[in-house]
Amino acid sequence: MEETQAGTPDPRGLAALILGASLLGFAAMLVRWAAPAGPLAVGFYRMAIALLPVAWLAWRARGTARSGIGRARLWAGVAGLCFVGDLWMWHSALHHTSAANATLLVTLAPIWVAVVSVVWMGARLRRRFWLGVGFALAGALVLGLAKGARWGTGLGELLGALASLAYGAFTLVLGRARRDLSAPEALFWVVLCCVVGFGLLGLAQGETFSGYPARAWWALAGLGLGVQVVAWWLITWGIGHVSTNVGAMGLMTQPVATVILGWLLLGESVRPMQGLGTLLVLAGIAACAFSPPAAEKKLTPG
């Protein structure tokens with residue numbers, strides 16, 4: 001990780017991180033504009049369009065992987081299937097609620113990852129972290145249940161919350177794959193499995209993969225190249241040049257950008273109760289981001 005002499009994050013890395021996260025904010029708009037393509041077809045084309053550039057990146061990084069590559073590729077494939085579940089539910093949520101609500105609830109994923117690290121990996125987290133979890137979950141409940149915050153029946157909010165669980169699983173499994181795979185190669189296997197998964201599920205569900213208007217094809221191209229390749233490359237590069245906490249805060253640019261872009265491009269005004277839920281979720285994630293695991297207590301000789 002590169003930092004300036006004063007200990008502040010490398011401004012290039014921070015700029016790349018914020019730009020990449022801001023580009024992710026366009027994902028919700030592009031999914032809406034890709035209609036009449038269904039959630040599974042959108043996921044298929046998002047990954048299929050990104051596959052060739054990602055394969056090129058993986059080819060450039062060949063020779064950087066460690067031993068145990070076969071099992072690592074299997075883990076990357078499982079991560080891809082988790083990502084299919086995440087995007088399928090999130091794409092569906094965008095048809096039942098606002099872009100802001102769906103995206104904010106998916107950002108709960110890091111909290112689930114931390115909880116799993118406590119339950120199954122023995123990590124010790126600070127009280128401030130659990131306070132952050134409380135804020136975030138309270139905000140999620142406001143967005144999903146409070147009249148004037150949720151949109152429609154609340155199905156979109158439920159799908160967004162379930163998508164966060166799938167994304168949390170994706171994060172954990174991908175971390176296991178990255179022990180023996182370079183980042184570009186891990187991304188390649190994830191994207192490849194996503195193409196297969198979305199394609200098979202789309203065929204099984206009877207979704208159409210052709211006959212879209214020009215605007216839908218442009219939106220799908222934007223998802224594949226602008227979001228899946230450019231945005232994620234910027235984020236990956238930027239995270240390598242800032243601290244973990246700054247990286248987590250930088251990624252919060254995405255839900256903020258989604259709220260702003262939803263208002264500007266989709267005409268989704270922020271209601272008072274929705275604003276309260278949004279602030280609670282963001283405050284909770286911020287508290288968690290600045291609460292690293294507690295140090296293990298050391299026994300002193302008596």
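What percentage of the 302 residues in the chain is buried? In this predicted model, buried residues account for 48% of the chain. The fold contains 13 helices and 0 strands, and its pattern along the sequence reads α-α-α-α-α-α-α-α-α-α-α-α-α.

**Nonpolar cores**

- The largest nonpolar core comprises 56 residues, of which Met-47, Phe-83 and Trp-90 touch the most other members.
- Two or more residues of this core are supplied by each of helix H1 (11–24), helix H2 (27–33), helix H3 (39–60), helix H4 (69–93), helix H5 (99–106), helix H8 (155–177), helix H9 (183–205) and helix H10 (214–239).
- H4 provides the largest share of the core, with 9 residues.
- A second, separate core holds 16 residues, including Leu-104, Leu-108, Ile-111 and Leu-282.
- In soluble globular proteins, nonpolar side chains tend to be buried together.

**Surroundings of Trp-90**

- Trp-90 is one of the residues that touch the most other members of the largest core.
- Apart from neighbours within four places in sequence, Trp-90 is in contact with Ala-27, Ala-28, Val-31, Arg-46, Ala-102, Thr-103, Val-106 and Ala-163.

**Packing of H4 and H8**

- The axes of H4 and H8 approach within 8 Å, and their crossing angle is roughly 165°.
- Because angles over 145 degrees count as roughly antiparallel, H4 is roughly antiparallel to H8.
- The crossing of these two helices, H4 and H8, is left-handed.
- The contact of H4 with H8 involves 20 nonpolar, 4 polar and 3 charged residues.

**Packing of H5 and H12**

- H5 and helix H12 (residues 253–266) have axes that come within 8 Å and cross at roughly 170°.
- H5 and H12 are therefore also described as roughly antiparallel to each other.
- On the H5 side, the residues that meet H12 are Ala-99, Ala-100, Thr-103 and Leu-104.
- Their counterparts in H12 are Gln-254, Pro-255, Thr-258, Val-259 and Leu-266.
- By class, the residues of the contact of H5 with H12 are 6 nonpolar, 3 polar and no charged.

**Residues of H5 in more than one setting**

- Thr-103 is in contact with Trp-90, and Thr-103 also takes part in the meeting of H5 with H12.
- Leu-104 belongs to the second core, and Leu-104 is likewise among the H5 residues that meet H12.

How values were computed:
Residues are numbered from 1 along each chain as its sequence is written. This is a predicted model: local features need pLDDT of at least 70, side-chain atom pairs count only at pLDDT 80 or more; totals for chains, interfaces and linings use all residues. Side-chain values use heavy atoms; hydrogens and water are left out. A nonpolar core is a set of buried Ala, Val, Leu, Ile, Met, Phe, Trp, Tyr and Cys residues joined through side-chain atoms within 4.5 Å. Buried means under 20% relative accessible area, exposed over 50%, partly exposed in between (1.4 Å probe, protein chains only). Helices (H or I, at least four residues) and strands (E, at least two) are DSSP runs, numbered from the N terminus. Contact means heavy atoms within 4.5 Å. Axes are lines fitted to C-alpha atoms, for helices over the stretch in contact, and angles run from 0 to 180 degrees between N-to-C directions. Angles under 35 degrees count as roughly parallel, over 145 as roughly antiparallel, 65 to 115 as roughly perpendicular and the rest as oblique. A crossing is left-handed if the near helix is turned anticlockwise from the far one by less than a right angle, and right-handed if clockwise. Ala, Val, Leu, Ile, Met, Phe, Trp, Tyr, Cys and Pro count as nonpolar, Asp, Glu, Lys and Arg as charged, and the others, Gly among them, as polar.
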